[in-house]
Amino acid sequence: MDKMTSRRGFVGMTGAALAAARLGAYQRPEGRLFAYVGRHTTGPFFGSGKGGGINVFRVNMKDGSLTEVSKTGSEADDLNSDGMTVSADGRFLYSINLTPSLGGKSGAGGGVAAFAIDSGDGSLKHLNTQPSMGANPVAVIIDKTNSRVVVGNHGAVANVVLIGKRNGVPVIENRTDDATVALFPVRSDGSLEAACDASVFGQQPSANAGAPPANLPPALGPACHAVAFDRTQRWIIATDNGYDHIYVYRFNPNSRALEGRAFPTPAGKAPRHLAVHPRAPYFFMTNEREASVSSFYFDSSSGEVRPVQTVATIPEGYSGPRVAPSNIRMHPNGKFVYSANRGDDSIAIFAIDEATGSMSRVDVTRTGGKGPREMNIEPSGRFLFVCNLQSNDVVSFALDGNTGKMTQTVKITVPQAAVIDFATL
């Protein structure tokens, strides 16, 4: 893997403008900022037990501290919240329910829940829940017109034993849960209609698929792990974490069908989460089975994907626990991308060359906890928040908008903290 030096310069600033830039605030949003932290349930990983739901916090923009103001009640106690998105107008929140057994029914798949956000106090009101059209959903997004919600279903978790015959002889066939991308129309009140389409990932590995890294089991099958819109919102991009592909689908706010194609990625790396550049034609992706981040060129006219670069998320000579990158986020100013490392519990920071899509590692910073699941940057770019699932906390970091570096400010306890998003009210 190579390391390339960013050629992007930084504009000099003076006085108060420089002080703001050092904190990463390229534009401070008007209104009060609320943070929504989704929690896993207390049972085994895939959505059993209770104790799940969503906590609502006010964000102090002086130091990034969080003050809890409310949380969902018993109606969301079994919500294994592992992916979340807030509508562009801040009126609605959508959370996936990471489970293969929605409502306790075996084989029901997962769910996607719609909530209305109270404009006064930021509290949530459950509107409805729809089946996610696949097992173990892991990602959800909504388009900027609030017309369509897109859900990525991981699947590929359980082997299913089927008995068939070949040349008259009974044989065992091991099939897995389908990995899917599902499309949901949004009603005017923010609730969700039933899915209007679902795309099933291919069940056979391509010639590109290779042996997994040493000491890791082979993938059970295709596994969707992220969905994102390109910068024009004319395309949906999804990752196949199991069979090493990127799927691309045409999109518009009236879409009722998912039509697309797959692009292979390097074998054995397991593409996981995505971050899309706000201006330049590139997106960035963590690789779960290799401690690395990859950048890709994306043609918004044709939907073509081309690899640009892969860079390590750990320093040369690293000898600690195996690192499996999880979440990735883009700074709103488009200058930096942040990748979470599970294993050594750190955040790798990369500067971006907008002209080429190449990255250069700036720093690696500890997360302040254990097991970073997801993280997010609030809209002004001043603070980044990390959900450390294994240590049950959310940690705030101040971001330097010129260097990309981060400094820990505040830590709070949130049991089973998994995912965070924001609304400005």
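## Conventions

Helices (H or I, at least four residues) and strands (E, at least two) are DSSP runs, numbered from the N terminus. This is a predicted model, in which local features need pLDDT of at least 70 and side-chain atom pairs count only at pLDDT 80 or more, whereas totals for chains, interfaces and linings use all residues. Residues are numbered from 1 along each chain as its sequence is written, and side-chain values use heavy atoms, with hydrogens and water left out.

## Largest pocket

A pocket is defined on a 1 Å grid over the protein atoms alone, as an open set of points where a 1.4 Å probe fits, with protein on both sides within 12 Å along at least five of seven lines; lining residues have an atom within 4 Å of a point. Grid points are joined across faces, edges and corners, and a volume is the space filled by probe spheres set on the points.

The largest pocket holds about 1,600 Å³ of space. Its lining comprises 49 residues, of which Thr85, Ile141, Arg329, Asn376 and Asp421 are the closest to the centre. At least two lining residues come from each of E4, E8 (137-142), E14 (224-229), E18, E22 (324-330), E26 and E30 (417-424). By class, the lining has 26 nonpolar, 13 polar and 10 charged residues; Ala, Val, Leu, Ile, Met, Phe, Trp, Tyr, Cys and Pro count as nonpolar, Asp, Glu, Lys and Arg as charged, and the others, Gly among them, as polar.

## Salt bridges

With a salt bridge taken as a side-chain nitrogen of Lys or Arg within 4 Å of a carboxyl oxygen of Asp or Glu, the count is seven. One of them joins arginine 373 to aspartate 82 at 2.9 Å, N to O. Because arginine 373 belongs to E26 (residues 372-377) and aspartate 82 to E4 (residues 81-86), this pair ties together parts that are 291 residues apart in sequence. Arginine 373 is buried at 9% relative accessible area, and aspartate 82 is buried at 2% (buried means under 20%, exposed over 50%, partly exposed in between; 1.4 Å probe, protein chains only).

Arginine 272 and glutamate 288 form a salt bridge at 3.0 Å, N to O. Arginine 272 lies in E18 (residues 271-276) and glutamate 288 in the loop between E19 (282-287) and E20 (292-298), so parts 16 residues apart in sequence are tied together. Both residues are buried, and Arg272, Glu288 and Arg342 are linked in a network of salt bridges.
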